[in-house]
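Reader: I have a structure to read and would like to go through it feature by feature. Please show me how.

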Amino acid sequence: MPPQLLNASGCLDALVAPDVARQLDGFVTKTITPLPREGNAPPRIAETDHGMLNAIGLANPGRDRFVAEHLPRLRELGLPLWISVGGFSSEDYAETCAILGDVHAIELNLSCPNVDEAADSAAEIVAACRLATPLPLYAKLSAAHSDLAEVARAVAAAGADGLSLINTLRGLALDPQTRQPVLARGSGGLSGPSLKPIALHAVHTCYAATQLPIIGMGGVATAQDVIDMVACGARHVAIGTALFSNPDAPRRIREDLAAVALDDIFGCAHAGTTSRVYAT
Amino acid sequence: MPRREPLNVVGVEPVGPYALLRLVRNGMDPGVPGQFFMLEAPGRVLPRALSLCLAPPSELHFLIDPIGPGTQALARLDRGDVINVFGPLGNGFDLDVERPLLVGGGIGMAPLPYLAEALRFPPAILGFRSELHAQAAVLMPGAEVVIDPVFVTDVLPDGYDILACGPEPMLRALPSGQLAWEAPMACGYGACYGCAVEIDGELKRLCVEGPVLAAAAA
């Protein structure tokens with residue numbers, strides 16, 4: 001199967017922009033939490049020299065309204081749906097997983113930099129969700145872990161079916177006039193071109209550490225970025241910030257990849273490896 | 001879905017401290033006054049959201065306050081440069097009003113020349129922070145102009161349907177009407193949730209629900 005192109009969670013509203021979603025092989029929702037969230041106070045985005053910060057703070061309608069109102073409309077798109085699930089405890093995550101049926105997969109957002117983190121470890125949350133659903137579970141991890149390979153192995157042992165790498169990394173931008181943080185929350189998650197080398201390293205590391213399929217993301221804007229992700233071991237690739245500046249980015253990337261044999265490239269950035277059979 | 005097209009730059013003209021960016025329209029829909037476009041800012045990661053200022057035949061004009069790296073990059077464009085433009089986006093002004101009065105503050109006057117044309121040049125009041133900034137009133141012939149410390153709210157007549165764009169304190173000081181709000185935007189089409197503004201106790205995505213929102217009478 002050729003690598004699938006997805007959107008990064010929180011970087012597309014398929015109900016508002018279905019034409020953009022249809023350029024993708026699947027749609028990943030914005031993170032759903034148990035209760036509705038308005039998100040953080042504005043301003044909540046800031047451009048940086050080679051990226052952007054966001055501190056949206058998981059604005060979403062809450063899981064009950066999502067399942068009742070949004071999910072039926074998303075199904076009408078006819079795309080494989082990846083539901084991003086968030087929360088503040090293992091139970092939050094597991095209870096949301098339990099009420100999600102008939103979707104392609106669940107992505108567990110274990111790494112939002114803009115809310116207080118759950119006290120439970122990534123592996124504990126994955127284990128709780130594993131008991132709650134038979135659906136494929138992808139663990140979305142941060143590159144900020146001091147030993148990412150260890151976290152990847154732990155979530156694999158806890159029952160994750162795949163990894164999403166990486167989330168934004170916490171950063172800060174100052175207003176040059178006031179010398180105060182631009183974002184109302186202070187810090188925000190850094191995305192865009194700045195993130196790509198960090199994302200490539202995370203994918204490279206986790207490919208070597210586990211057998212799990214990886215969705216690579218972080219600074220992907222061009223066909224070359226997709227090639228680099230796949231070479232490091234990403235089975236699929238997601239586009240985030242590039243969707244903001246160009247809603248036609250997926251179509252353009254796909255056109256530019258038409259003549260590229262991605263299967264031959266998969267994992268080739270690992271020394272001594274020319275190819276590796278991928279098994280689900 | 002609106003179009004995203006590479007458009008040729010006709011030129012950039014100074015208007016007081018502002019810059020009027022003229023683009024070849026190339027068949028793009030200029031949209032309703034108050035709608036906006038995302039303009040590629042050369043060398044920057046994100047495009048910039050700008051409402052259309054004027055739509056003469058075969059051109060699109062945008063008024064820019066070059067205060068940051070993106071707006072400065074746009075103001076430095078030259079004849080023959082090409083930038084990607086995506087739009088029109090958002091909800092513009094409802095033109096079905098009985099006694100329109102256009103109210104603008106500073107760079108917030110940007111969408112008003114196009115709006116004035118659509119409404120056949122109704123009365124208008126523009127407020128600026130200095131004589132230099134007030135030179136932009138040349139784009140709104142016949143408008144009453146006030147300069148800080150006089151505010152537009154000091155000279156506001158009663159009995160009009162207000163259509164306004166300007167800084168947030170000005171919009172919040174107006175009694176009622178259709179108000180065009182502003183917030184930093186990454187995408188302009190509902191994807192990033194960055195442009196949320198608290199209005200009547202609720203956070204609204206300005207690019208989807210705005211930028212023009214109706215304000216209830218106080």
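Author: Start with a proline. Pro88(B) lies in strand E6 of chain B, residues 82-89. Helices (H or I, at least four residues) and strands (E, at least two) are DSSP runs, numbered from the N terminus. Residues are numbered from 1 along each chain as its sequence is written, and chains are lettered from A and ligands numbered from 1 in the order in which they are written. This is a predicted model, in which local features need pLDDT of at least 70, side-chain atom pairs count only at pLDDT 80 or more, and totals for chains, interfaces and linings use all residues.

Reader: What kind of peptide bond joins Gly87(B) and Pro88(B)?

Author: A cis bond, with omega about 0 degrees. There is another cis peptide bond to read, from Gly210(B) to Pro211(B), where omega is near 5 degrees. Pro211(B) lies in a loop of chain B, between helix H5 (206-209) and strand E14 (212-215).

Reader: How confident is the predictor in chain B?

Author: Look at pLDDT, the predictor's confidence in each residue, from 0 to 100. Its mean over chain B is 95, and 99% of the residues of that chain reach 70 or more. For the model, the scores are ipTM 0.92 and pTM 0.93.

Reader: Where is Arg179(A), and is Arg179(A) buried or exposed?

Author: A residue is buried if 20 or more other C-beta atoms lie within 10 Å of its own, exposed if 12 or fewer, and partly exposed in between, with C-beta atoms placed from the backbone. Arg179(A) is exposed, with 7 other C-beta atoms within 10 Å. Its place is the loop of chain A between strand E9 (169-172) and strand E10 (187-191). Phi of Arg179(A) is near 60 degrees, a positive value in a residue other than glycine.

Reader: What is phi of Arg120(B)?

Author: Near 60 degrees, again positive in a residue other than glycine. Arg120(B) sits in the loop between helix H2 (112-118) and strand E8 (124-128) of chain B. Arg120(B) is exposed, with 7 other C-beta atoms within 10 Å.

Reader: How many residues of chain A are in contact with chain B?

Author: Two residues are in contact if their C-beta atoms, placed from the backbone, lie within 7 Å. Here 29 residues of chain A are in contact with 22 residues of chain B. On the chain A side, the elements that give two or more residues are strand E3 (45-48), strand E4 (51-54) and helix H8 (241-245). H8(A) gives the most, with four residues.
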